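User: I have a model open and would like to learn how to read its features one by one. Could you walk me through it?

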Amino acid sequence: MGEFVTSDNRLGAYLKDRRVRLDPAALGFAGERRRTPGLRREEVASRANISPTWYTWLEQGRGGAPSADVLDRISRALMLTDVEREHLFLIGLGRPPEVHYHRQEGVTPRLQGVLDALDPSPALIRTAIWDVVGWNRAATVLLTDYGALPPEERNVLRFIFLDPRVRAAQYDWESVARFVVAAFRVDAARAGAAAEVEPLVDELCRKSPEFLAMWRDNDVRTHGEGAKHIKHPVLGLLSFEYSAFQVDGRPDLSMVVYNPATAEDAAKIKGLVG
């Protein structure tokens, strides 16, 4: 048969598996009778704009490691999903592909359901550039009424540096602000969102000398987990323990949950949120 995709040739086995799943007719290839399902190797090579011989060698485990550019072309040729593309890079190069940020406008109904189930603990979903795209009722009551704002204004850095009400609600504004800037820098870099970050950073540098100074410090840190204190206009000082989680399959999204730090805080919040 001329085939020698062995058990240790994970890249070749994966490429072949994805190739045979594609419908030749749907991709514009002639619908003549075929001995095997899916695309032929030369058809994948044509779609990827690479040599048929080089593609054949990749499936056969010959010719050494492919470049990131070749794997990217093949992933498009095979119409891989984001998670399939990541797996292709991991087995082909031993590392994930460079990330490309995609702007997110909202969350799925299922993810919104998770947020709602966390009431009365405030919870939200934010993007890698800290735009808030999902939240529950507790977050609206205790943090910010995100739904009353245009989508382009639902950004945590904008709240911290440009909204006097949000600033006043912070128990230690400078500490919070420095943390937000340092964690934002890490998240945006991980997501490959330099182009999306630049206009926001430029605007904040013009409007807030404090942001400009903190941005120039080049501090970095991860969000992770910690403590947060806010001064609520009705409930007074509230303490939370927060945790940030990456949404599985969506590296551009994080869920942040604020749990009341004490039973007293929990009772006060439950009485207000209901």
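Analyst: Happy to! At 7% relative accessibility, F159 counts as buried, and that is our way in. Keep in mind that this is a predicted model. Y146 is buried as well, with a relative accessibility of 4%.

User: How many aromatic pairs does the structure hold?

Analyst: The structure holds 9 aromatic pairs. In general, a pair of aromatic rings is described by the distance of the centres and the angle of the planes. Take Y146 and F159: their ring centres are 5.7 Å apart and their planes stand at 50 degrees, so this pair is tilted. Y146 belongs to the loop between α7 (137-142) and α8 (156-162), while F159 is in helix α8, so the pair ties together parts that are 13 residues apart in sequence.

User: Which residues do ring pairs link into a cluster?

Analyst: The cluster consists of F161, W173, F184, F211 and W215. Two of these rings also have a charge over them. The charged end of R167 sits over the ring of W173, 3.7 Å from its centre, and that of R185 sits over the ring of W215 at 3.9 Å from its centre.

User: Let's turn to the sheet. What is the order of its strands?

Analyst: It is an open sheet of 5 strands, ordered β2-β1-β5-β4-β3, with antiparallel pairing. The edges are β2 (132-135) and β3 (225-232); each has a single partner strand, so one side of each is left without a neighbour in the sheet. On average, neighbouring strands are turned by 30 degrees against each other, direction ignored. L124 stands opposite W135 in β2.

User: Which strands does helix α6 touch as it packs on the sheet?

Analyst: Helix α6 (residues 109-117) touches β1, β2, β4 (236-247) and β5 (250-260), and its direction makes about 60 degrees with that of β2. Helix α13 (residues 263-273) packs on the sheet too, touching β3, β4 and β5, with its direction about 85 degrees from that of β4.

User: How do I read a contact between two helices?

Analyst: Start with the axes, then the residues. The axes of α1 (residues 10-19) and α3 (residues 52-60) come within 6 Å and cross at roughly 115 degrees. From α1, L11, G12, L15, K16 and R19 meet Y55, L58 and E59 of α3. These contact residues divide into 4 nonpolar, 1 polar and 3 charged.

User: Last one: is V70 buried or exposed?

Analyst: V70 counts as buried because its relative accessibility is 11%. V70 lies in helix α4 (residues 68-77) and touches I50, W54 and L58, leaving aside residues up to four places away in sequence. The buried residues of α4, V70 among them, pack against α1, α2 (41-48), α3 and α5 (82-93). Following α4 comes M79, whose phi is positive, near 55 degrees.

Definitions and conventions:
Residues are numbered from 1 along each chain as its sequence is written. This is a predicted model: local features need pLDDT of at least 70, side-chain atom pairs count only at pLDDT 80 or more; totals for chains, interfaces and linings use all residues. Side-chain values use heavy atoms; hydrogens and water are left out. Axes are lines fitted to C-alpha atoms, for helices over the stretch in contact, and angles run from 0 to 180 degrees between N-to-C directions. Helices (H or I, at least four residues) and strands (E, at least two) are DSSP runs, numbered from the N terminus. Contact means heavy atoms within 4.5 Å. Ala, Val, Leu, Ile, Met, Phe, Trp, Tyr, Cys and Pro count as nonpolar, Asp, Glu, Lys and Arg as charged, and the others, Gly among them, as polar. Buried means under 20% relative accessible area, exposed over 50%, partly exposed in between (1.4 Å probe, protein chains only). Two strands pair if DSSP finds at least two bridges between them. Rings of Phe, Tyr and Trp (its six-membered ring) pair if their centres lie within 6.5 Å; planes under 30 degrees apart count as stacked, over 60 as edge-to-face and the rest as tilted. A charge sits over a ring if NZ of Lys or CZ of Arg is within 6 Å of the ring centre and within 35 degrees of the ring normal.
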